[in-house]
Amino acid sequence: MEIFMIISNMIIPVVILGVVCFGVSRRVQVYDAFIEGANSGFHIVVKIMPTMVALMIAVGILRASGFLDMLASQLGRMTDYIGFPGELVPLTVVKMFSSSAATGLLLDIFKEFGTDTYIGLVASISMSCTETIFYTMSVYFMTAKVTKTRFTLAGALIATFAGLAASVVLAAGMMG
């Protein structure tokens, strides 16, 4: 276990050093390229800020209105039959919009049910196996000026449901 701690502590510095050495070997002005990239990143953040604020407000309204609790009680009856706890429906819905808001819900779940319970394990694994679909689509498509999304949403939803199914299977296996 100690070797993994050493490796994990060294990964980022080694990658940064490797990038700098590679750039120097290619005769790239590494600092100037870094500043140019940081400037470009700052402009992207300014462009996507309204979208991020709107998503955060929408999630806050859904939580405060009680809609997520109502949705959990309605959909939870169906999801319990397939092994997915109804208590995790709000977490799943919110995760599609905002990872940080979902993390807040995850902490609430941990406080109520514990981290080593079936619900806690499914919640933890599903947070790792799913993506913030609508946030990612809105931010990246807006930044890249994508107008024809084709099957992106359908594919992302299928991948999310596959991740949720995997979380149920893995948690059940861990509970033994």
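Mentor: Helices (H or I, at least four residues) and strands (E, at least two) are DSSP runs, numbered from the N terminus. Keep in mind that this is a predicted model, where local features need pLDDT of at least 70, side-chain atom pairs count only at pLDDT 80 or more, and totals for chains, interfaces and linings use all residues. Residues are numbered from 1 along each chain as its sequence is written, and side-chain values use heavy atoms, with hydrogens and water left out.

Trainee: Thanks! How many helices and strands does the protein have?

Mentor: There are 8 helices and 0 strands. The radius of gyration, taken over C-alpha atoms, is 20 Å, well over the 16 Å that the globule rule gives for 176 residues, so the protein is more spread out than a compact globule. That rule is 2.2 Å times the number of residues to the power 0.38. Along the principal axes, the C-alpha atoms fill a box of roughly 60 × 45 × 30 Å.

Trainee: Let's pick a residue. Where does Ile-119 lie, and is Ile-119 buried or exposed?

Mentor: Ile-119 lies in helix α6. Buried means under 20% relative accessible area, exposed over 50%, and partly exposed in between, with a 1.4 Å probe and protein chains only. Ile-119 counts as buried because its relative accessibility is 14%. Across the protein, 28% of the 176 residues count as buried.

Trainee: Which residues does Ile-119 touch?

Mentor: Contact means heavy atoms within 4.5 Å. Not counting residues up to four places away in sequence, Ile-119 touches Pro-85, Glu-87, Leu-88, Ile-109 and Phe-113. Glu-87 is 32 residues from Ile-119 along the chain, yet their C-alpha atoms are separated by 7.9 Å.

Trainee: How should I read the packing of two helices?

Mentor: Two packed helices are described by the angle between their axes and the distance between the axes. Here axes are lines fitted to C-alpha atoms, for helices over the stretch in contact, and angles run from 0 to 180 degrees between N-to-C directions. The axes of α6 and α8 (residues 152-175) come within 8 Å and cross at roughly 145°. By class, their contact has 13 nonpolar, 3 polar and no charged residues. Ala, Val, Leu, Ile, Met, Phe, Trp, Tyr, Cys and Pro count as nonpolar, Asp, Glu, Lys and Arg as charged, and the others, Gly among them, as polar.

Trainee: And where is Thr-132 placed?

Mentor: Thr-132 is in the loop between α6 (118-129) and α7 (133-144). At 7% relative accessibility, Thr-132 counts as buried. Leaving aside neighbours within four places in sequence, its contacts are Lys-95, Met-96, Phe-97, Ser-98 and Ser-99.
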